[in-house]
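Welcome! Open your viewer, get your selection tool ready, and follow along stop by stop.

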Amino acid sequence: MKTSKVRFYVTISIVKIATKILKLLGRNATHLPGWMANKLCPDFLGHLEKPETLVYVMGTNGKTTVSNLTAEVLKENGYEYINNSSGSNVSEGLISALLSKSSFFGKARCKLAVLEVDERYSPHIFPYMQPDVLVCTNLCRDALDRNANVDFIVNLLNDNISEHTKMILNGDDLIVSHLKPENERVYFGIDELPRDGKARPNIVRDIIVCPECDTKLEYDFLRYNHVGRAHCPNCDYGSPAVDYDVISVDDKNMEFVMKTPAGEETYHLLGKNITDMYNEVTAITLLHQLGLSYGQISESMKKMKPVTSRYDVKKVAGKEVIMCLAKGQSPIASSRVFEFITEQGGSSAVVLLNYDYHDQMHSSENMAWIYEADYEFLNVDCVKQIVAGGNRCYDYKVRALLAGIPEERIDCAVKPEEVVKLVDIENVDKIYILFAVYTRPKALEIREHLMRRIEKGGKRK
């Protein structure tokens with residue numbers, strides 16, 4: 001027996017025992033087992049048996065929601081599967097998820113796995129375990145200090161994805177739709193909608209000219225960033241024909257109609273934000289490709305609700321306190337939330353807690369990204385106040401001033417908990433609390449204090 005195989009069997013024995021101990025102690029065991037496995041056996045993932053159908057869900061934004069939504073529908077329909085919904089999306093999380101449904105010697109006990117994967121980690125995962133199906137939601141600039149630029153991520157994916165992998169791609173994202181062009185592929189998208197005529201331009205667009213001939217691209221419609229449908233006037237480069245295409249949306253009845261290879265299908269709309277719609281369409285396309293019928297998917301979608309860890313509305317004393325995930329160091333994600341806030345109308349205060357606390361703990365937060373986020377969207381009459389919290393609150397204030405927002409509408413609190421005292425609850429109907437992944441606990445704490453203050457009818461201090 002080869003040394004590497006012996007090392008694998010010794011490692012899996014240790015990790016399996018450690019996992020049982022962690023669970024006895026009430027721990028989730030979603031990351032540590034994978035971390036231990038990688039430390040003790042660097043090629044551990046290559047020795048695990050791959051499930052019969054392995055799906056990776058990747059993309060800058062939406063991969064968690066798509067992965068979890070897919071898993072919920074599979075569960076609703078009695079499928080057995082592996083998913084890392086409660087773990088990490090790097091190699092450690094994948095190993096922990098796969099180990100949870102494998103034998104003591106690493107044999108897969110489940111035929112299907114739907115795993116969220118961070119695209120930055122493809123060089124550490126793909127050489128050991130290639131997916132049968134790869135879903136990509138979108139690709140745009142994100143976490144500059146870690147991801148460099150979009151071209152860097154595209155090259156990582158193209159260099160590591162097998163030619164045998166089936167691709168499920170966003171046909172409205174010119175960068176995504178051209179990944180691994182020789183591979184088998186299926187496209188999803190959303191055709192032009194009346195609301196697209198009101199779309200406001202973004203500061204950044206990650207593709208402007210044709211990569212084939214350097215001619216400026218012409219957009220049939222531009223939804224946000226570079227997402228929309230475009231063509232090159234000089235060559236045949238452009239958006240592809242879409243297989244699963246939303247052709248109409250009924251916001252009032254919360255329904256949309258999708259054109260599919262099998263005909264038109266009507267689905268319950270889970271959220272009015274365009275990113276919510278893209279996430280749902282992505283999941284539906286993947287579920288179709290996994291063999292589920294329209295009836296199975298449609299009935300399950302009717303039972304689904306938006307994930308409250310990313311968007312949650314609480315009503316108190318006639319006002320709404322709304323939690324919104326706006327990922328730190330992600331200008332596109334923040335811009336989408338800013339635009340969504342202005343689309344809702346009414347009078348609102350926006351609390352900014354979307355600083356990258358995790359990054360601060362290990363080095364220092366890179367603030368260049370806030371100059372690529374569209375703070376200009378918040379320079380509207382319905383946004384009465386912006387309250388920035390945390391060590392970088394004055395950076396956010398400078399950015400808001402550069403967007404033309406009057407200084408009297410901007411307040412700052414170096415200590416995040418101090419934002420509670422600054423929110424002008426008397427003159428707004430809605431309070432949006434924007435948080436990053438690692439600032440959610442603090443945001444939840446602030447929400448509770450704000451709600452108590454609203455109940456008491458407290459004035460601004």
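Two strands pair if DSSP finds at least two bridges between them; helices (H or I, at least four residues) and strands (E, at least two) are DSSP runs, numbered from the N terminus. This is a predicted model, where local features need pLDDT of at least 70, side-chain atom pairs count only at pLDDT 80 or more, and totals for chains, interfaces and linings use all residues. Residues are numbered from 1 along each chain as its sequence is written, and side-chain values use heavy atoms, with hydrogens and water left out.

**The sheet.** Select residues 53–58 and 112–116: these are strand 1 and strand 3, parallel partners joined over 5 bridges. Zoom in on Tyr 56, and you will find Leu 115 of strand 3 opposite. Now widen the view to the open, mixed sheet of 9 strands, ordered 2-3-1-4-5-6-9-10-11. At its edges sit strand 2 (82–83) and strand 11, each pairing on one side only.

**Helices 9 and 10.** Next, pick helix 10 (residues 294–303), where Ile 297, Ser 298, Ser 300 and Met 301 are buried, meaning under 20% relative accessible area with a 1.4 Å probe, protein chains only. Show their surroundings: these buried residues pack against helix 4 (63–76), strand 11 (263–268) and helix 9 (274–289), with contact taken as heavy atoms within 4.5 Å.

Which residues of helix 9 meet helix 10? Select Glu 280, Ala 283, Ile 284, Leu 287 and His 288, which meet Tyr 294, Ile 297 and Met 301 in helix 10.

Key. Buried < 20%, exposed > 50% of the residue type's maximum accessible area, 1.4 Å probe, protein only.
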